[in-house]
Amino acid sequence: MQVVRRAGSRLCRSWVCAPITGVPAVTIHTDVQQLQEEAVKKEVEEKAASLSRSNFSIYPPIPGQESSLRWAGKKFEEIPIAHIKASYNNTQIQVVSATHQPLARASCGTEGFRNAKKGTGVAAQTTGIAAAAKATGKGVTHIRVVVKGLGPGRLAAIKGLTMGGLEVISITDNTPIPHNGCRPRKARRL
Amino acid sequence: MAKHLKLIARTVMVQEGNVEGAYRTLNRILIDDIKRRRYYEKPCHKRQRESYETCPRIYNMEMAHKINFLMQKNRADPWQGC
């Protein structure tokens, strides 16, 4: 019945369009016992899957508390950081060590793109690959990614970093959000 | 200078590189807010947009409540045979 509830809450139209989606409606109401057995089976499978996945949490290890997670023998706080500034017209990537020593820097402009082409996902991906190549030259394997801005290169740069051979272990969003500070520019009239 | 610890808030750990989708859904509300702040939204437009958004929200919540209530009982299939 929980399956039915979820399906019902998502597709309110099913009440009106039941004749069109006749097959699921028929199986729901005629074989209640079968549905209950399926629900029990699904719960058992979910428990088994969650037990295998329970060691992984989406939250990062906090510096104050001990955690047993290690990447290439390093703790979370000692892994280099890749700062990605994804503005609307350009994407810049800088890989920095955990002690804030610069390791590699690349941007769409340094990769040969000009003007409007810098503000594309393709340019961001090539920038990611170039930055990853320079960073692996300095012995970096795992990185924590910090993204700033909401541009076209936001996801493409991370993909480029992984394609270039670096392993991303965490993604942080550091987009500056004003708590109603400066007034932005006026609305565009298209 | 920074009053909060860095790299803890708004951070998602990546599991074999396939949590980018989960990261996006995590950030969905933040992204809408950032998009809105790019250009200034006048208070009159903001009030109109808020009231426009609450209408489907109220309807969806009431409908979900109604469906959950109705589903508490097993009923005969009204469209059996279709």
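This is a predicted model: local features need pLDDT of at least 70, side-chain atom pairs count only at pLDDT 80 or more; totals for chains, interfaces and linings use all residues.

Colleague: Fine. How many salt bridges does that rule find across the interface of chain A and chain B?

Modeller: The rule finds 1 between chain A and chain B.

Colleague: Which side chains meet in the salt bridge?

Modeller: B:Arg10 and A:Asp173, with 2.9 Å from N to O.

Colleague: And how many residue pairs are in polar contact between chain A and chain B?

Modeller: The count is 7, with both residues of a pair at pLDDT 80 or more.

Colleague: Which element of chain A gives the most to the side that touches chain B?

Modeller: Strand 5 of chain A, with 6 residues. Elements that each supply at least two residues to that side include helix 1 (2-10), helix 2 (22-30) and strand 5 (167-173) of chain A.

Colleague: What does strand 5 of chain A pair with in chain B?

Modeller: Strand 1 of chain B, residues 11-13, in the antiparallel sense over 3 bridges. In that strand of chain B, B:Thr11 stands opposite A:Thr172.

Colleague: Switching to totals. How many residues does the contact take from each chain?

Modeller: Chain A gives 50 residues and chain B gives 34. On the chain A side, 31 are nonpolar, 11 polar and 8 charged.

Colleague: What area do chain A and chain B bury between them?

Modeller: About 4,400 Å², and 67% of that is on carbon and sulfur atoms.

Key:
Residues are numbered from 1 along each chain as its sequence is written. Chains are lettered from A and ligands numbered from 1 in the order in which they are written. Side-chain values use heavy atoms; hydrogens and water are left out. Contact means heavy atoms within 4.5 Å. Buried area is the accessible area (1.4 Å probe) that two parts lose on being put together, summed over both. A salt bridge is a side-chain nitrogen of Lys or Arg within 4 Å of a carboxyl oxygen of Asp or Glu. A polar contact is a pair of N or O atoms within 3.5 Å; within protein, one must be able to donate a hydrogen and the other to accept it, and residues adjacent in sequence count only if both atoms are side-chain atoms. Helices (H or I, at least four residues) and strands (E, at least two) are DSSP runs, numbered from the N terminus. Ala, Val, Leu, Ile, Met, Phe, Trp, Tyr, Cys and Pro count as nonpolar, Asp, Glu, Lys and Arg as charged, and the others, Gly among them, as polar. Two strands pair if DSSP finds at least two bridges between them.
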